[in-house]
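Subject: Structure handover

Hello,

Here is the structure for you to look over. My notes come after it.

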Amino acid sequence: MSFDVRALREQFPILEQTVNGKPLVYLDNAATTQKPRAVIDAVSAYYQGVNSNVHRGAHYLSDKATAAFEAARATVAGFLNADREEIIWTKGTTESINLVAQSYGRERLRPGDEVLITALEHHANIVPWQQACERTGATLKVVPLREDGSVDGDAFYRLLGERTRIVALSHVSNSLGTVNPLDQWLKAARDAGAVTLVDGAQAVAHFPVDVRELGCDFYACSGHKLFGPTGIGVLYGRRELLDAMPPYQTGGEMIETVSFEKSTWNQLPYKFEPGTPNIAGVIGLGAAVDWLNQQDRAALAAHEDALLASATEQARAFDGLKIIGDAATKVGVLSFLLDGAHPADVGTLLDQQGVAVRTGHHCCMPLMDGLGIPGTVRASFSIYNTLEEVDRLFQALEKVRTFL
Ligand code: PMP
């Protein structure tokens with residue numbers, strides 16, 4: 001394979017350390033990805049040479065910060081194939097979904113209307129809709145899963161009805177890695193007259209996303225899962241919808257005029273960006289996307305597939321290990337349980353050997369309840385992981401088995 005994972009890895013300084021006396025094996029990428037030097041340098045260069053408030057004009061540094069801030073918006077718009085007015089900066093996926101649930105959901109939902117989600121969703125794509133339904137008298141409907149951890153497509157079509165106003169779906173499940181076949185479902189949702197939101201938190205780092213080709217109305221993702229900083233996220237929204245929506249939060253920046261009697265709103269995207277934004281975060285995210293755009297994404301995806309295939313094969317051969325969610329289309333995640341062992345204990349014993357995984361419900365309590373388990377051990381892979389690290393996971397699991 002022409003892809004050189006060693007060379008790529010060298011760009012991520014955090015990976016060079018040892019943990020508990022062992023070289024770090026970082027397999028918690030679904031929680032957050034590590035940052036390449038290009039991102040760290042961009043954030044540092046901003047604070048060292050540019051730091052200033054944006055859109056307040058009138059001096060050199062402010063103009064420079066504003067130019068970098070808006071250049072990052074154009075970069076992210078290009079990355080998702082959106083227009084720059086359709087890219088709203090948020091704190092992350094969670095805030096992006098809350099924005100839509102509160103501004104669009106609470107405004108438009110009526111008693112008897114339905115919001116359709118799936119049993120795979122992260123709490124961030126459940127609770128905001130539950131709240132919107134409670135406030136408006138709408139009903140939350142949930143598409144169940146099949147045995148293998150994929151969403152039951154037949155049930156999706158059955159539950160999609162004439163009262164469905166909003167369909168909110170994850171692109172990729174954070175706890176099982178399942179990829180949802182959104183092309184067909186989004187089209188069906190549109191044909192049914194529903195507005196669609198995609199939770200793309202776990203998708204954008206793994207494969208290219210084109211919001212126009214997907215045909216969704218809203219797409220939410222987080223910078224920190226895309227090799228960028230924490231505290232910065234993206235909401236893509238179709239311009240006609242954003243234009244018609246009321247502001248989510250109010251204050252400075254998002255206004256056109258203010259008087260004590262009445263205020264009017266700024267144009268897109270600023271209408272949804274009150275207050276001083278996370279300028280360093282935006283610039284860091286722009287650098288992350290620029291960096292990712294320079295990589296051979298097909299080679300990265302092939303490498304990640306090879307990591308998951310090796311992990312899955314070794315997991316299947318491992319005595320007493322049960323894979324949770326073994327769907328045909330998955331990216332980046334191996335969730336599992338070891339016979340007789342609590343996931344938290346497995347995680348602690350792996351950590352002692354330098355292997356970082358996540359254990360628990362992964363912000364998917366209803367999913368875990370549905371599966372009848374307290375949680376899983378989740379190993380999640382990214383582009384800088386190596387096949388040797390996958391082997392290290394299973395060597396460490398062999399030791400865990402002897403301890404338990
Ligand atoms: N949705 C999914 C599928 C996620 O994996 C996450 C993060 N674990 C979120 C939403 C929330 O993202 P954030 O915490 O960055 O807002």
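This is a predicted model: local features need pLDDT of at least 70, side-chain atom pairs count only at pLDDT 80 or more; totals for chains, interfaces and linings use all residues.

An unreviewed UniProt entry annotates residues 25–393 as "domain: Aminotransferase class V". Over that range the chain is 39% helix and 17% strand. The end C-alpha atoms of the range are 8 Å apart.

The core. The largest nonpolar core has 77 residues. Those with the most contacts inside it are Leu-80, Ile-87, Trp-89, Phe-156, Tyr-219 and Phe-227. Helix 10 (residues 279–293) gives the most to this core, with 10 residues. Leaving out residues up to four places away in sequence, Phe-156 touches Leu-116, Val-143, Val-167, Leu-169, Trp-185 and Ala-188.

Helix 7. Trp-185 and Ala-188 are among the buried residues of helix 7 (residues 182–191). Just after the helix, Gly-193 takes a positive phi of about 85 degrees.

A buried charge. Glu-114 lies in strand 5 (residues 114–118). Glu-114 is buried, yet has no salt bridge. The nearest side chain of opposite charge, Lys-141, is 4.1 Å away, and the salt-bridge cut-off is 4 Å. Beyond four places in sequence, Glu-114 touches Thr-139, Lys-141, Leu-159, Arg-163, Thr-164, Arg-165 and Ile-166.

Best wishes

How values were computed: Residues are numbered from 1 along each chain as its sequence is written. Side-chain values use heavy atoms; hydrogens and water are left out. A nonpolar core is a set of buried Ala, Val, Leu, Ile, Met, Phe, Trp, Tyr and Cys residues joined through side-chain atoms within 4.5 Å. Buried means under 20% relative accessible area, exposed over 50%, partly exposed in between (1.4 Å probe, protein chains only). Helices (H or I, at least four residues) and strands (E, at least two) are DSSP runs, numbered from the N terminus. Contact means heavy atoms within 4.5 Å. Lys and Arg count as positive and Asp and Glu as negative; His and the chain ends are not counted. UniProt positions are given in the numbering used here, feature names are shortened, and annotations may be inferred rather than shown by experiment.
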